[in-house]
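Here's a quick briefing to read alongside the model. Have the sequence and the 3D view open as you go.

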Amino acid sequence: MGRGRVQLKRIENKINRQVTFSKRRCGLLKKAHEISVLCDAEVALIVFSNKGKLYEYSSDPCMERILERYERYSYAERQRVPNDQPQNENWIIEHAKLKARLEVIQKNQRNFMGEELDGLSMKELQNLEHQLDSALKQIRSRKNQVVYESISELQKKVTLSNFILISKLSLNWLFNLYISIFFLYSLQDKALQEKNKLLTKKIKEKEKALAQLELQNDGMDLASAALVPQSMETLNIGDDNEESQSRSNALLPPWMLRPIND
């Protein structure tokens, strides 16, 4: 005796409804996988539970590819529709597609965050792991590039700072050297001036001594010249007195002739 036909209506019992949903969902996903393998068809299945939880299956590793193909096909079909079709219907269809695509993206985002992984198959988990590995490699590569650029920038700043510091130290050293040389030249100039003053003083003293010595020599010559005629006058005898006196008068200077003649 065969089973009777099951009446299709909403199951009122929550537990039975959840159990039936789980069984039918697994069977539906299995049938979708079978038709994609047996018939080499591209299958995309999207199921939302009454709590809003998303369950999906895609024969392609990337469901977005199948959805984009569906959108292109739908757009081509809409172009064939007569122009008198209501515009509101197009907007409703477009809104539904965008909403479905947004939900898929949000679901993928939650999967990337490690949430709602219970309904994923082994193939979907492997695909998610591969995508995370690729993203992690790109993130690490970009991170290493940013770190390298930061290190290069810091090295440039350090090199520039060292160059500025060395320039300042060199300028300070040159300034101190210039001050030292100027101070030494000033001291040497001052010492030379003092030596010149001493030499000038000594020269003046020597000139003064020479002048005094010359005056003394002139006085001695005058005295000797005055004494020689007197001694000759005492030695002359008889008639030669007048002649010797005239000779002595000739030898004496003019200012001494008057007293002697008197």
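**A tryptophan and an arginine**

W173 is found in helix α4, which covers residues 122-235; helices here are DSSP runs of H or I with at least four residues, and strands are runs of E with at least two, numbered from the N terminus. This is a predicted model, where local features need pLDDT of at least 70, side-chain atom pairs count only at pLDDT 80 or more, and totals for chains, interfaces and linings use all residues. Residues are numbered from 1 along each chain as its sequence is written, and side-chain values use heavy atoms, with hydrogens and water left out.

**Around W173**

- W173 counts as exposed because its relative accessibility is 55% (exposed is over 50%, buried under 20%, partly exposed in between, with a 1.4 Å probe and protein chains only).

**Around R17**

- R17 sits in helix α1, residues 14-38.
- R17 is buried but has no salt bridge (a side-chain nitrogen of Lys or Arg within 4 Å of a carboxyl oxygen of Asp or Glu).
- E12 is the nearest side chain of opposite charge, 5.4 Å away from R17 (Lys and Arg count as positive, Asp and Glu as negative; His and the chain ends are not counted).
- Leaving out residues up to four places away in sequence, R17 touches R10, I11, E12 and N50 (contact means heavy atoms within 4.5 Å).

**The whole protein**

- The protein has six helices and two strands, running α-β-β-α-α-α-α-α from the N terminus.
- Of the 262 residues in the protein, 14% are buried.
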